[in-house]
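Here is a short tour of a model with two chains in contact. Take a moment to look it over, and then let us walk through it together.

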Amino acid sequence: MRPTNRELLRGIVHTLNTVVLPDLRSPWPQMVTVMTSRLLEHLIARDEGLPATLRARIPELRALLAGIDPTLPALAGPTHAGDADASVEALVREDDALHAALEHLLVGAPAAIEPALLARIDALLADEARAEAPIYERLVKA
Amino acid sequence: MSADVTASRLGEILKTKVENVFRIPGGFSKETFLFDTVHADGSREALVLRRDLPAGPSQTTVVDEFKVLRAVHRAGLPVPEPVFVEPDAAVLGQPFLLMRRIEGSADAGGKPREVALELARILARLHTLDPEKLDAGFGAIPRDAAECADFLIDHWHAIWLRKRLEPAPVLARAFGWLRASRPAAVSRVSVVHTDVGMHNLLVHDGKIRALLDWEFARVGDPADDLGYARPHVEKLLGWDEFLAEYYARGGPVYLEENARWYEVWRSVRNAVACTAGLAGFVSGENLQVNQALVGIGLYRQLCAEIIERIGGKP
(Lines give C-alpha, C1' and ligand atoms only; values in the text may rest on other atoms or scores of the structure.)
Protein backbone atom coordinates (compact mmCIF):
# COMPACT_ATOMS: atom_id res chain seq x y z
CA MET A 1 0.00 0.00 0.00
CA ARG A 2 1.05 3.55 -0.67
CA PRO A 3 2.49 5.24 2.46
CA THR A 4 0.31 7.91 3.99
CA ASN A 5 1.44 11.51 4.35
CA ARG A 6 1.66 10.89 8.08
CA GLU A 7 4.02 7.95 7.61
CA LEU A 8 6.21 9.91 5.22
CA LEU A 9 6.35 12.87 7.58
CA ARG A 10 7.40 10.55 10.42
CA GLY A 11 10.18 9.22 8.19
CA ILE A 12 11.41 12.73 7.39
CA VAL A 13 11.39 13.70 11.08
CA HIS A 14 13.38 10.57 11.92
CA THR A 15 15.94 11.37 9.22
CA LEU A 16 16.31 14.97 10.36
CA ASN A 17 16.76 13.95 13.98
CA THR A 18 19.06 10.97 13.52
CA VAL A 19 21.03 11.73 10.34
CA VAL A 20 21.07 15.46 9.67
CA LEU A 21 21.09 16.98 13.17
CA PRO A 22 24.01 14.99 14.65
CA ASP A 23 26.16 16.02 11.71
CA LEU A 24 25.58 19.75 12.12
CA ARG A 25 28.28 21.64 14.00
CA SER A 26 27.08 25.23 14.36
CA PRO A 27 24.17 26.47 16.48
CA TRP A 28 22.19 28.23 13.77
CA PRO A 29 21.61 25.28 11.41
CA GLN A 30 21.11 23.03 14.46
CA MET A 31 18.32 25.29 15.66
CA VAL A 32 16.72 25.54 12.22
CA THR A 33 16.76 21.75 11.88
CA VAL A 34 15.21 21.22 15.32
CA MET A 35 12.49 23.73 14.47
CA THR A 36 11.82 22.13 11.10
CA SER A 37 11.49 18.77 12.81
CA ARG A 38 9.05 20.24 15.34
CA LEU A 39 7.02 21.80 12.57
CA LEU A 40 6.75 18.46 10.79
CA GLU A 41 5.73 16.79 14.07
CA HIS A 42 3.03 19.42 14.35
CA LEU A 43 1.75 18.52 10.89
CA ILE A 44 1.46 14.90 12.07
CA ALA A 45 -0.35 15.99 15.24
CA ARG A 46 -2.66 18.20 13.18
CA ASP A 47 -3.43 15.38 10.78
CA GLU A 48 -4.23 13.10 13.72
CA GLY A 49 -6.05 15.51 16.02
CA LEU A 50 -7.69 18.24 13.99
CA PRO A 51 -10.56 16.31 12.35
CA ALA A 52 -11.96 15.11 15.68
CA THR A 53 -11.51 18.55 17.21
CA LEU A 54 -13.37 20.22 14.36
CA ARG A 55 -16.14 17.60 14.29
CA ALA A 56 -16.76 18.29 17.97
CA ARG A 57 -16.74 22.07 17.80
CA ILE A 58 -18.52 22.79 14.53
CA PRO A 59 -21.96 21.77 15.89
CA GLU A 60 -21.42 23.94 18.99
CA LEU A 61 -20.41 26.89 16.87
CA ARG A 62 -23.39 26.39 14.57
CA ALA A 63 -25.77 26.17 17.53
CA LEU A 64 -24.42 29.37 19.02
CA LEU A 65 -24.67 31.27 15.73
CA ALA A 66 -28.13 29.87 14.96
CA GLY A 67 -29.26 31.18 18.34
CA ILE A 68 -28.09 34.65 17.34
CA ASP A 69 -29.24 34.74 13.73
CA PRO A 70 -30.47 31.56 12.00
CA THR A 71 -30.35 33.31 8.60
CA LEU A 72 -26.57 33.77 8.65
CA PRO A 73 -25.10 32.69 5.27
CA ALA A 74 -22.45 30.62 7.06
CA LEU A 75 -25.24 28.36 8.36
CA ALA A 76 -26.89 27.90 4.97
CA GLY A 77 -24.93 24.94 3.62
CA PRO A 78 -24.91 21.38 4.95
CA THR A 79 -22.49 20.65 7.75
CA HIS A 80 -19.54 18.30 7.32
CA ALA A 81 -19.28 17.65 11.04
CA GLY A 82 -21.29 14.43 10.89
CA ASP A 83 -19.70 13.18 7.69
CA ALA A 84 -17.07 10.59 8.56
CA ASP A 85 -15.60 10.85 5.06
CA ALA A 86 -15.27 14.64 5.06
CA SER A 87 -11.72 15.82 4.35
CA VAL A 88 -9.80 17.93 6.82
CA GLU A 89 -9.87 20.73 4.25
CA ALA A 90 -13.67 20.65 4.11
CA LEU A 91 -13.90 20.75 7.90
CA VAL A 92 -11.42 23.62 8.09
CA ARG A 93 -13.36 25.56 5.44
CA GLU A 94 -16.58 25.17 7.37
CA ASP A 95 -14.92 26.03 10.68
CA ASP A 96 -13.33 29.13 9.11
CA ALA A 97 -16.64 30.29 7.66
CA LEU A 98 -18.34 29.94 11.05
CA HIS A 99 -15.51 31.77 12.79
CA ALA A 100 -15.67 34.52 10.18
CA ALA A 101 -19.39 34.92 10.90
CA LEU A 102 -18.72 35.08 14.64
CA GLU A 103 -15.92 37.58 14.11
CA HIS A 104 -18.24 39.71 11.96
CA LEU A 105 -20.77 39.82 14.79
CA LEU A 106 -18.11 40.84 17.29
CA VAL A 107 -16.71 43.55 15.04
CA GLY A 108 -20.07 44.83 13.82
CA ALA A 109 -21.81 45.89 17.00
CA PRO A 110 -19.99 44.60 20.07
CA ALA A 111 -21.84 46.97 22.39
CA ALA A 112 -25.18 45.57 21.21
CA ILE A 113 -24.31 42.02 22.27
CA GLU A 114 -26.07 41.08 25.49
CA PRO A 115 -23.66 40.32 28.37
CA ALA A 116 -25.05 36.79 28.70
CA LEU A 117 -24.46 36.10 25.02
CA LEU A 118 -20.99 37.60 25.21
CA ALA A 119 -20.24 35.29 28.11
CA ARG A 120 -21.41 32.30 26.03
CA ILE A 121 -19.21 33.40 23.12
CA ASP A 122 -16.23 33.79 25.44
CA ALA A 123 -16.87 30.40 27.00
CA LEU A 124 -17.06 28.76 23.60
CA LEU A 125 -13.83 30.42 22.45
CA ALA A 126 -12.10 29.38 25.66
CA ASP A 127 -13.35 25.79 25.24
CA GLU A 128 -12.08 25.77 21.66
CA ALA A 129 -8.65 26.93 22.80
CA ARG A 130 -8.47 24.22 25.46
CA ALA A 131 -9.64 21.49 23.09
CA GLU A 132 -7.11 22.27 20.39
CA ALA A 133 -4.18 22.98 22.72
CA PRO A 134 -2.67 19.46 22.44
CA ILE A 135 -2.31 19.92 18.68
CA TYR A 136 -0.21 23.05 19.13
CA GLU A 137 1.64 22.54 22.39
CA ARG A 138 4.63 20.81 20.82
CA LEU A 139 5.31 23.91 18.74
CA VAL A 140 5.33 26.14 21.78
CA LYS A 141 7.72 23.84 23.65
CA ALA A 142 10.14 24.13 20.73
CA MET B 1 19.29 34.72 3.90
CA SER B 2 22.16 34.95 6.41
CA ALA B 3 24.86 33.84 4.00
CA ASP B 4 25.53 37.42 2.98
CA VAL B 5 26.60 38.46 6.47
CA THR B 6 30.19 37.32 6.08
CA ALA B 7 33.51 38.70 7.25
CA SER B 8 34.43 39.71 3.71
CA ARG B 9 31.11 41.47 3.03
CA LEU B 10 31.18 43.31 6.35
CA GLY B 11 34.82 44.21 5.71
CA GLU B 12 33.85 45.77 2.38
CA ILE B 13 31.06 47.77 3.98
CA LEU B 14 33.06 48.96 6.98
CA LYS B 15 36.36 49.25 5.09
CA THR B 16 38.26 47.35 7.72
CA LYS B 17 39.21 43.77 8.51
CA VAL B 18 36.40 41.73 10.06
CA GLU B 19 36.75 38.47 11.99
CA ASN B 20 34.73 36.03 14.08
CA VAL B 21 31.30 36.55 12.55
CA PHE B 22 28.81 34.57 14.63
CA ARG B 23 25.09 34.43 14.17
CA ILE B 24 23.17 34.30 17.45
CA PRO B 25 20.60 31.51 17.40
CA GLY B 26 17.11 32.46 18.45
CA GLY B 27 15.59 35.87 18.11
CA PHE B 28 12.20 36.31 16.57
CA SER B 29 11.91 39.74 15.08
CA LYS B 30 15.46 40.63 14.06
CA GLU B 31 18.64 38.82 13.10
CA THR B 32 21.66 39.36 15.33
CA PHE B 33 25.32 38.76 14.53
CA LEU B 34 28.45 39.28 16.61
CA PHE B 35 31.77 40.14 15.00
CA ASP B 36 35.10 41.88 15.59
CA THR B 37 36.73 44.60 13.55
CA VAL B 38 40.51 44.69 13.41
CA HIS B 39 42.03 48.06 12.62
CA ALA B 40 45.35 48.87 10.92
CA ASP B 41 47.00 49.60 14.27
CA GLY B 42 45.98 46.18 15.52
CA SER B 43 43.22 47.46 17.85
CA ARG B 44 39.99 45.50 17.88
CA GLU B 45 36.35 46.38 18.41
CA ALA B 46 33.61 43.95 19.35
CA LEU B 47 30.40 44.86 17.56
CA VAL B 48 26.84 43.62 17.21
CA LEU B 49 24.87 43.75 13.98
CA ARG B 50 21.10 43.79 14.21
CA ARG B 51 19.22 43.41 10.95
CA ASP B 52 15.57 43.69 9.97
CA LEU B 53 13.78 40.63 8.70
CA PRO B 54 11.90 40.88 5.43
CA ALA B 55 8.19 40.79 6.28
CA GLY B 56 9.15 40.49 9.93
CA PRO B 57 6.67 39.94 12.75
CA SER B 58 7.26 43.13 14.71
CA GLN B 59 6.74 45.47 11.74
CA THR B 60 9.46 47.67 13.18
CA THR B 61 12.79 48.69 11.70
CA VAL B 62 16.27 49.09 13.11
CA VAL B 63 16.34 52.51 11.46
CA ASP B 64 13.85 53.76 14.06
CA GLU B 65 15.43 51.69 16.81
CA PHE B 66 18.79 53.33 16.09
CA LYS B 67 17.31 56.79 16.77
CA VAL B 68 15.90 55.60 20.09
CA LEU B 69 19.14 53.88 21.09
CA ARG B 70 21.13 57.00 20.25
CA ALA B 71 18.78 59.18 22.28
CA VAL B 72 18.68 57.02 25.41
CA HIS B 73 22.43 56.42 25.20
CA ARG B 74 22.98 60.19 25.16
CA ALA B 75 20.59 60.46 28.09
CA GLY B 76 22.93 58.23 30.08
CA LEU B 77 20.91 55.05 30.22
CA PRO B 78 22.85 51.77 30.14
CA VAL B 79 22.40 50.69 26.53
CA PRO B 80 24.86 49.53 23.88
CA GLU B 81 26.38 52.50 22.10
CA PRO B 82 24.92 52.68 18.60
CA VAL B 83 27.63 53.35 16.05
CA PHE B 84 26.13 53.00 12.59
CA VAL B 85 22.85 52.48 10.79
CA GLU B 86 22.31 51.50 7.18
CA PRO B 87 18.75 52.14 6.00
CA ASP B 88 19.42 50.95 2.44
CA ALA B 89 18.35 47.32 2.11
CA ALA B 90 20.52 46.96 -0.99
CA VAL B 91 23.71 47.04 1.08
CA LEU B 92 23.16 43.90 3.17
CA GLY B 93 19.78 42.52 2.20
CA GLN B 94 17.87 44.50 4.83
CA PRO B 95 18.46 47.64 6.89
CA PHE B 96 20.83 47.03 9.78
CA LEU B 97 22.41 48.80 12.71
CA LEU B 98 25.72 48.32 14.48
CA MET B 99 26.33 48.80 18.18
CA ARG B 100 29.21 48.14 20.51
CA ARG B 101 29.16 44.79 22.20
CA ILE B 102 28.82 44.74 25.97
CA GLU B 103 29.87 41.74 28.01
CA GLY B 104 27.33 40.28 30.38
CA SER B 105 24.55 37.76 30.65
CA ALA B 106 20.84 37.65 31.37
CA ASP B 107 21.49 36.41 34.88
CA ALA B 108 21.51 38.31 38.16
CA GLY B 109 24.76 36.57 39.00
CA GLY B 110 24.05 35.91 42.66
CA LYS B 111 23.08 39.52 43.36
CA PRO B 112 19.32 39.55 42.74
CA ARG B 113 18.52 42.40 45.13
CA GLU B 114 21.16 44.71 43.68
CA VAL B 115 20.08 43.98 40.13
CA ALA B 116 16.40 44.56 40.87
CA LEU B 117 17.10 47.85 42.66
CA GLU B 118 19.28 49.02 39.82
CA LEU B 119 16.52 48.15 37.38
CA ALA B 120 14.13 50.28 39.47
CA ARG B 121 16.53 53.22 39.15
CA ILE B 122 16.93 52.69 35.41
CA LEU B 123 13.18 52.59 34.84
CA ALA B 124 12.64 55.65 37.01
CA ARG B 125 15.24 57.47 34.92
CA LEU B 126 13.65 56.30 31.67
CA HIS B 127 10.14 57.21 32.76
CA THR B 128 11.14 60.70 33.84
CA LEU B 129 12.89 61.65 30.60
CA ASP B 130 11.12 64.36 28.65
CA PRO B 131 9.92 62.70 25.41
CA GLU B 132 9.66 66.10 23.71
CA LYS B 133 13.36 66.83 24.25
CA LEU B 134 14.76 63.38 23.59
CA ASP B 135 15.02 63.55 19.79
CA ALA B 136 14.27 59.84 19.46
CA GLY B 137 12.02 60.10 16.43
CA PHE B 138 8.86 59.16 18.31
CA GLY B 139 6.60 61.40 16.21
CA ALA B 140 3.42 62.75 17.74
CA ILE B 141 3.49 62.52 21.53
CA PRO B 142 0.25 61.24 23.12
CA ARG B 143 -1.20 63.67 25.63
CA ASP B 144 -3.23 61.40 27.88
CA ALA B 145 -4.16 57.80 28.69
CA ALA B 146 -6.69 57.59 25.88
CA GLU B 147 -4.20 58.73 23.25
CA CYS B 148 -1.56 56.34 24.61
CA ALA B 149 -4.01 53.46 24.23
CA ASP B 150 -5.62 54.54 20.97
CA PHE B 151 -2.31 54.74 19.16
CA LEU B 152 -1.49 51.15 20.10
CA ILE B 153 -4.92 49.80 19.29
CA ASP B 154 -5.12 51.53 15.91
CA HIS B 155 -1.57 50.65 14.92
CA TRP B 156 -1.81 46.94 15.72
CA HIS B 157 -5.37 46.58 14.50
CA ALA B 158 -4.24 47.89 11.11
CA ILE B 159 -1.36 45.39 11.03
CA TRP B 160 -3.76 42.59 11.93
CA LEU B 161 -6.12 43.52 9.10
CA ARG B 162 -3.22 43.63 6.63
CA LYS B 163 -1.52 40.40 7.67
CA ARG B 164 -4.25 38.10 8.90
CA LEU B 165 -4.49 34.64 7.37
CA GLU B 166 -7.61 33.28 9.05
CA PRO B 167 -10.72 34.47 10.91
CA ALA B 168 -9.90 35.25 14.54
CA PRO B 169 -12.94 36.02 16.71
CA VAL B 170 -10.70 36.09 19.78
CA LEU B 171 -8.72 39.01 18.38
CA ALA B 172 -11.88 40.78 17.17
CA ARG B 173 -13.26 40.39 20.68
CA ALA B 174 -9.95 41.53 22.21
CA PHE B 175 -9.68 44.69 20.11
CA GLY B 176 -13.26 45.54 21.11
CA TRP B 177 -12.43 44.96 24.77
CA LEU B 178 -9.26 47.06 24.54
CA ARG B 179 -11.22 49.98 23.08
CA ALA B 180 -14.01 49.71 25.64
CA SER B 181 -11.68 49.35 28.63
CA ARG B 182 -8.99 51.92 27.94
CA PRO B 183 -7.22 53.26 31.05
CA ALA B 184 -8.87 56.41 32.33
CA ALA B 185 -5.70 58.15 33.46
CA VAL B 186 -1.94 57.94 33.13
CA SER B 187 0.40 58.99 35.93
CA ARG B 188 2.86 60.52 33.45
CA VAL B 189 3.24 60.20 29.69
CA SER B 190 6.70 58.63 29.50
CA VAL B 191 9.24 56.97 27.28
CA VAL B 192 8.63 53.24 27.68
CA HIS B 193 10.70 50.28 26.59
CA THR B 194 7.82 47.73 26.72
CA ASP B 195 9.97 44.59 26.92
CA VAL B 196 11.76 44.96 30.24
CA GLY B 197 12.79 41.61 31.68
CA MET B 198 15.87 39.61 32.55
CA HIS B 199 15.97 38.34 28.95
CA ASN B 200 16.81 41.87 27.82
CA LEU B 201 19.38 42.68 30.50
CA LEU B 202 23.11 42.23 30.32
CA VAL B 203 24.42 41.84 33.85
CA HIS B 204 28.05 41.59 34.85
CA ASP B 205 29.22 41.17 38.44
CA GLY B 206 25.83 42.16 39.82
CA LYS B 207 25.66 45.37 37.76
CA ILE B 208 23.29 46.00 34.86
CA ARG B 209 25.55 46.83 31.94
CA ALA B 210 22.81 47.20 29.34
CA LEU B 211 19.10 47.15 28.66
CA LEU B 212 18.71 45.67 25.19
CA ASP B 213 16.13 45.46 22.42
CA TRP B 214 14.50 48.87 22.00
CA GLU B 215 12.46 48.07 18.91
CA PHE B 216 9.10 48.52 20.63
CA ALA B 217 10.11 51.62 22.61
CA ARG B 218 7.69 54.53 22.30
CA VAL B 219 5.95 57.19 24.34
CA GLY B 220 3.24 55.75 26.51
CA ASP B 221 2.16 54.67 29.95
CA PRO B 222 4.85 53.61 32.45
CA ALA B 223 2.44 50.99 33.76
CA ASP B 224 3.19 49.12 30.54
CA ASP B 225 6.85 48.67 31.55
CA LEU B 226 6.20 48.15 35.24
CA GLY B 227 3.48 45.55 34.73
CA TYR B 228 5.63 43.61 32.31
CA ALA B 229 8.73 43.82 34.49
CA ARG B 230 6.89 42.83 37.66
CA PRO B 231 7.03 39.02 37.35
CA HIS B 232 10.73 39.27 36.45
CA VAL B 233 11.38 41.58 39.39
CA GLU B 234 9.47 39.41 41.85
CA LYS B 235 11.89 36.56 41.19
CA LEU B 236 14.62 38.86 42.51
CA LEU B 237 13.02 41.16 45.05
CA GLY B 238 9.68 42.03 46.67
CA TRP B 239 7.56 44.31 44.52
CA ASP B 240 7.05 46.86 47.30
CA GLU B 241 10.78 47.28 47.80
CA PHE B 242 11.27 47.64 44.05
CA LEU B 243 8.56 50.29 43.86
CA ALA B 244 9.99 52.16 46.85
CA GLU B 245 13.32 52.48 45.05
CA TYR B 246 11.52 53.46 41.82
CA TYR B 247 9.56 56.18 43.65
CA ALA B 248 12.65 57.37 45.53
CA ARG B 249 14.20 58.09 42.15
CA GLY B 250 11.16 60.03 40.97
CA GLY B 251 9.35 57.26 39.08
CA PRO B 252 5.68 58.04 38.29
CA VAL B 253 2.91 56.35 40.26
CA TYR B 254 2.31 52.72 39.29
CA LEU B 255 -1.32 52.24 38.30
CA GLU B 256 -2.05 48.56 38.63
CA GLU B 257 -5.36 48.69 36.74
CA ASN B 258 -3.48 50.19 33.77
CA ALA B 259 -0.90 47.42 34.00
CA ARG B 260 -3.71 44.84 33.69
CA TRP B 261 -4.95 46.53 30.51
CA TYR B 262 -1.44 46.58 29.08
CA GLU B 263 -1.08 42.89 29.92
CA VAL B 264 -3.99 42.10 27.60
CA TRP B 265 -2.76 44.57 25.03
CA ARG B 266 0.70 42.97 25.01
CA SER B 267 -0.79 39.53 24.36
CA VAL B 268 -2.85 41.00 21.52
CA ARG B 269 0.20 42.74 20.07
CA ASN B 270 2.22 39.54 20.28
CA ALA B 271 -0.57 37.51 18.68
CA VAL B 272 -0.71 40.01 15.81
CA ALA B 273 3.09 39.88 15.52
CA CYS B 274 2.82 36.08 15.32
CA THR B 275 0.28 36.50 12.54
CA ALA B 276 2.54 38.91 10.65
CA GLY B 277 5.52 36.57 11.00
CA LEU B 278 3.54 33.60 9.75
CA ALA B 279 2.20 35.65 6.83
CA GLY B 280 5.79 36.49 5.89
CA PHE B 281 6.79 32.84 6.09
CA VAL B 282 3.83 31.60 4.07
CA SER B 283 4.40 34.24 1.39
CA GLY B 284 8.03 33.15 1.07
CA GLU B 285 9.37 36.61 1.95
CA ASN B 286 10.57 35.54 5.38
CA LEU B 287 12.46 32.26 5.32
CA GLN B 288 12.86 31.80 9.08
CA VAL B 289 11.16 28.60 10.13
CA ASN B 290 10.69 29.94 13.67
CA GLN B 291 8.08 32.32 12.23
CA ALA B 292 5.97 29.28 11.43
CA LEU B 293 6.47 27.69 14.85
CA VAL B 294 5.66 30.87 16.70
CA GLY B 295 3.04 32.00 14.22
CA ILE B 296 1.09 28.80 14.70
CA GLY B 297 1.93 27.58 18.20
CA LEU B 298 2.49 30.71 20.25
CA TYR B 299 -0.36 32.44 18.43
CA ARG B 300 -2.83 29.80 19.65
CA GLN B 301 -1.43 30.00 23.16
CA LEU B 302 -1.75 33.78 23.21
CA CYS B 303 -5.33 33.63 21.95
CA ALA B 304 -6.12 31.18 24.74
CA GLU B 305 -4.56 33.53 27.31
CA ILE B 306 -6.44 36.53 25.92
CA ILE B 307 -9.84 34.91 26.13
CA GLU B 308 -9.08 33.62 29.64
CA ARG B 309 -8.23 37.17 30.73
CA ILE B 310 -11.13 39.05 29.17
CA GLY B 311 -13.72 36.27 29.19
CA GLY B 312 -17.07 37.42 30.57
CA LYS B 313 -15.99 41.06 30.70
CA PRO B 314 -17.83 43.56 28.49
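## Ground rules

Helices (H or I, at least four residues) and strands (E, at least two) are DSSP runs, numbered from the N terminus. This is a predicted model, in which local features need pLDDT of at least 70 and side-chain atom pairs count only at pLDDT 80 or more, while totals for chains, interfaces and linings use all residues. Residues are numbered from 1 along each chain as its sequence is written, and chains are lettered from A and ligands numbered from 1 in the order in which they are written.

## Chain B as a whole

Let us begin with the overall build. Chain B holds 10 helices and 9 strands. Its C-alpha trace extends about 65 × 50 × 35 Å along the principal axes. The radius of gyration of chain B is 20 Å, which agrees with the value near 20 Å for a compact globule of 314 residues; this radius is taken over C-alpha atoms, and the globule rule is 2.2 Å times the number of residues to the power 0.38.

Of the 314 residues of chain B, 46% count as buried. A residue is buried if 20 or more other C-beta atoms lie within 10 Å of its own, exposed if 12 or fewer, and partly exposed in between, with C-beta atoms placed from the backbone. Two residues are in contact if their C-beta atoms, placed from the backbone, lie within 7 Å. Among the contacts in chain B between residues at least 6 apart in sequence, 70% join residues at least 24 apart.

Most residues other than glycine have a negative phi. A55(B) has a positive phi, near 50°, and sits in the loop between strand 3 (44-52) and helix 2 (62-74) of chain B. A55(B) counts as buried because it has 21 C-beta neighbours inside 10 Å. T194(B) also has a positive phi, near 75°, and its place is the loop between strand 6 (190-192) and strand 7 (201-204) of chain B. With 20 other C-beta atoms within 10 Å, T194(B) is buried.

L255(B) lies in the loop between helix 8 (239-248) and helix 9 (256-283) of chain B. L255(B) is buried, with 21 other C-beta atoms within 10 Å. Leaving aside neighbours within four places in sequence, L255(B) is in contact with S187(B) and A223(B). From L255(B) to I208(B) there are 47 residues in sequence and 26 Å in space, C-alpha to C-alpha.

## Where the chains meet

The contact takes 31 residues from chain A and 26 residues from chain B. On the side of chain A that touches chain B, the elements giving two or more residues are helix 2, helix 3 (88-108) and helix 4 (115-141) of chain A. Helix 4 of chain A gives the most, with 13 residues. By class, this side of chain A has 23 nonpolar, 3 polar and 5 charged residues; Ala, Val, Leu, Ile, Met, Phe, Trp, Tyr, Cys and Pro count as nonpolar, Asp, Glu, Lys and Arg as charged, and the others, Gly among them, as polar.

## A helix pair across the interface

How do helix 2 (residues 27-68) of chain A and helix 10 (residues 289-310) of chain B cross, and within what distance do their axes come? The axes come within 9 Å and cross at roughly 40°. Axes are lines fitted to C-alpha atoms, for helices over the stretch in contact, and angles run from 0 to 180 degrees between N-to-C directions. Helix 2 of chain A and helix 10 of chain B are therefore oblique to each other; angles under 35 degrees count as roughly parallel, over 145 as roughly antiparallel, 65 to 115 as roughly perpendicular and the rest as oblique.
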